[in-house]
Amino acid sequence: MDALEILCEASRRIYENVRDLAGTELAAGDFGRGAGGDISRNIDIVAEKTVLDYLKETGFECTVLGEECGRVELSENPRGYVIMDAIDGSANAVRGVPFFCSSLAFAEGERLSSVTAGVITDLSGGQSYHAASGGGAFYEGKKISVHDKKPVYRIVGVNTSGAGMELVKRLQPILENNHARHFGANALEMAMFARGLVDVLVDIRGKIRIQDIAAGYLIAREAGGLLLDEHMNPLDADLSYETRISFVAAANRTVLDEVVSGII
Ligand code: IPD
Ligand code: CA
């Protein structure tokens, strides 16, 4: 089995194991702070354990970089890194808001740009997005691409979670001039962007972790999306627990300029 097949099966198993847990009191159980810095909830732990058990079962030789469990060496000769956000959108998952996903990526090296496989599964319905480097991006097995046309409604995902006054002021023209949206699960928002449902994504809070973005990065790139950092350079970063990312994703240069020029 190659890395992509392993990630697809691991994601399917997460869906099976958490589908009845989301929105229940049990989902919220507090396990203290995880490696990513947030409180690990029971639903996060159940989902991560599903992946770790499966990777051990298949003997996949890798190092896991999990949002809750941290770095777990599963082999002395790892083929690369499995970057795991087993539940992205944990607050939604715990409350039962049907917008959360799993995000699993495989990287051969230690940079975001060395991600070669990514899978995002919408855990409210089980639908899956995947990509392998150079092979295009897919939703439920069908090839997808970003919305590279003039949109009827320009939909812009703006991450406003935890934003202070200064950031809100900076984002104000984007909020005023577009159909701005914020759903609460970065990876699933990137997948929707890759599928052409959203034209631009803006997250300039400097809070996104490697685990939140690794799979979405590849899926959005393989779908033809433009992925840039806060200096408008091609997005890249170290696969480190200290890394925090700001990014902009756009279907093309035209829509990027229309939305962010003068702001970023
Ligand atoms: C969070 C989500 C959310 C973003 C946060 C992330 P988590 O991931 O992606 O949309 O605003 O910055 O931490 O904690 O639910 O895995
Ligand atoms: Ca998470």
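Tutor: Let us start with a few terms. Ala, Val, Leu, Ile, Met, Phe, Trp, Tyr, Cys and Pro count as nonpolar, Asp, Glu, Lys and Arg as charged, and the others, Gly among them, as polar. A pocket is found on a 1 Å grid over the protein atoms alone, as an open set of points with protein on both sides within 12 Å along at least five of seven lines, and its lining residues have an atom within 4 Å of a point. With those words, the lining of the largest pocket divides into five nonpolar, ten polar and twelve charged residues.

Please keep in mind that this is a predicted model, in which local features need pLDDT of at least 70 and side-chain atom pairs count only at pLDDT 80 or more, while totals for chains, interfaces and linings use all residues. Residues are numbered from 1 along each chain as its sequence is written, chains are lettered from A and ligands numbered from 1 in the order in which they are written, and side-chain values use heavy atoms, with hydrogens and water left out.

The largest pocket holds about 610 Å³ of space, a volume being the space filled by probe spheres set on grid points that are joined across faces, edges and corners. Of the 27 residues lining this pocket, Asp 38, Gly 89, Ser 90, Gly 184 and Arg 209 are the closest to its centre. Strand E2 (39-41), strand E5, helix H3 (90-95) and strand E13 each give two or more residues to the lining; helices (H or I, at least four residues) and strands (E, at least two) are DSSP runs, numbered from the N terminus.

Ligand 1 sits in this pocket, meaning that more than half of its atoms lie within 2 Å of the grid points. Around ligand 1 are 14 residues, of which Asp 88, Gly 89, Ser 90, Arg 205 and Arg 209 come nearest; a residue counts as near if one of its heavy atoms lies within 4 Å. This shell divides into two nonpolar, five polar and seven charged residues, and its largest share, three residues, comes from strand E5 (residues 81-88).

Now for the atoms themselves. A polar side-chain atom of Arg 209 lies 2.7 Å from an oxygen atom of ligand 1. Backbone N or O atoms also take part: one of Ser 90 lies 2.8 Å from a ligand 1 oxygen, and one of Gly 184 lies 3.3 Å from a ligand 1 oxygen. Taken alone, ligand 1 exposes 370 Å², and the protein buries 87% of that; accessible areas come from the Shrake-Rupley method with a 1.4 Å probe.

Methods
A polar contact is a pair of N or O atoms within 3.5 Å; within protein, one must be able to donate a hydrogen and the other to accept it, and residues adjacent in sequence count only if both atoms are side-chain atoms. On a 1 Å grid over the protein atoms alone, a cavity is a set of points where a 1.4 Å probe fits but cannot get out, and a pocket is an open set with protein on both sides within 12 Å along at least five of seven lines; lining residues have an atom within 4 Å of a point.
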